[in-house]
Amino acid sequence: MRATGRTPRRRIADLMIAATASAHGLPLCTTNIDGFRGLSEIVEVVAVTRPPETGP
C-alpha cells in the first residue's frame, strides 16, 4: 500500500466504501478511481468527474 502512496487507514476506508456499495448492489461512483483499483470483481467502479467549482 505504501508503495502506491496509500496509507493503511485510507485503504481501509476505501474498502469499507466498496463493501457497502457491493452489499447494496450499487455501483461505486468516485472521482478517485485509483483508490478503488483492483476491486472491479467485487463492485462496479464508475469514474465521475468533479463538477466545476463555482465562485462567490
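A residue is called buried when its relative accessible area is under 20%, exposed when that area is over 50%, and partly exposed in between, judged with a 1.4 Å probe and protein chains only. The model is a predicted one, so local features need a pLDDT of at least 70 and side-chain atom pairs count only at pLDDT 80 or more, while totals for chains, interfaces and linings use all residues. Residues are numbered from 1 along each chain as its sequence is written, and side-chain values use heavy atoms, with hydrogens and water left out.

Let us start with the overall layout. The chain holds one helix and two strands, and along the sequence they follow the pattern α-β-β. Here helices (H or I, at least four residues) and strands (E, at least two) are DSSP runs, numbered from the N terminus. The accessible surface of the chain comes to about 4600 Å², and 57% of it belongs to carbon and sulfur atoms; such areas come from the Shrake-Rupley method with a 1.4 Å probe, and for residues only the protein chains shown count as cover.

Now take a look at the helix. Helix α1 covers residues 8-23, 16 residues in total, and reaches 22 Å from its first C-alpha to its last, close to the 22 Å expected at 1.5 Å a residue. That expected span is 1.5 Å times one less than the number of residues. Which residues of α1 are buried? They are R11, D14, A18 and A21. These residues cover an arc of only 85 degrees around the axis, which puts them on the same side of α1; the arc is that of the directions from the helix axis to the C-beta atoms. The face turned away from this buried side carries the exposed residues R9, M16 and A23. Strand β1 (28-30) is included in what covers the buried residues of α1. Just after the helix, G25 takes a positive phi of about 70 degrees.

The largest nonpolar core has six residues in all: A18, A21, L28, F36, L39 and V43. A nonpolar core is a set of buried Ala, Val, Leu, Ile, Met, Phe, Trp, Tyr and Cys residues joined through side-chain atoms within 4.5 Å. Leaving aside neighbours within four places in sequence, L39 is in contact (heavy atoms within 4.5 Å) with R11, L15 and A18. Across the chain, residues 24 or more positions apart account for 17% of the contacts with a separation of 6 or more.

V46 lies in strand β2 and, at 26% relative accessibility, counts as partly exposed. Its C-alpha atom is separated by 4.7 Å from that of C29, 17 residues apart along the chain. Not counting residues up to four places away in sequence, V46 touches P27, L28, C29, T30 and I33. T49 is found in the segment after β2 (45-47) and is exposed, at 70% relative accessibility. The C-alpha atoms of T49 and N32, also 17 residues apart along the chain, are separated by 9.2 Å.

Finally, consider charge. Side chains of opposite charge can pair when their charged atoms come close. A search of the whole structure finds one salt bridge, meaning a side-chain nitrogen of Lys or Arg within 4 Å of a carboxyl oxygen of Asp or Glu. D34 forms a salt bridge with R37, with the closest N and O atoms 2.1 Å apart. D34 is partly exposed at 48% relative accessibility, and R37 is exposed, with a relative accessible area of 55%.
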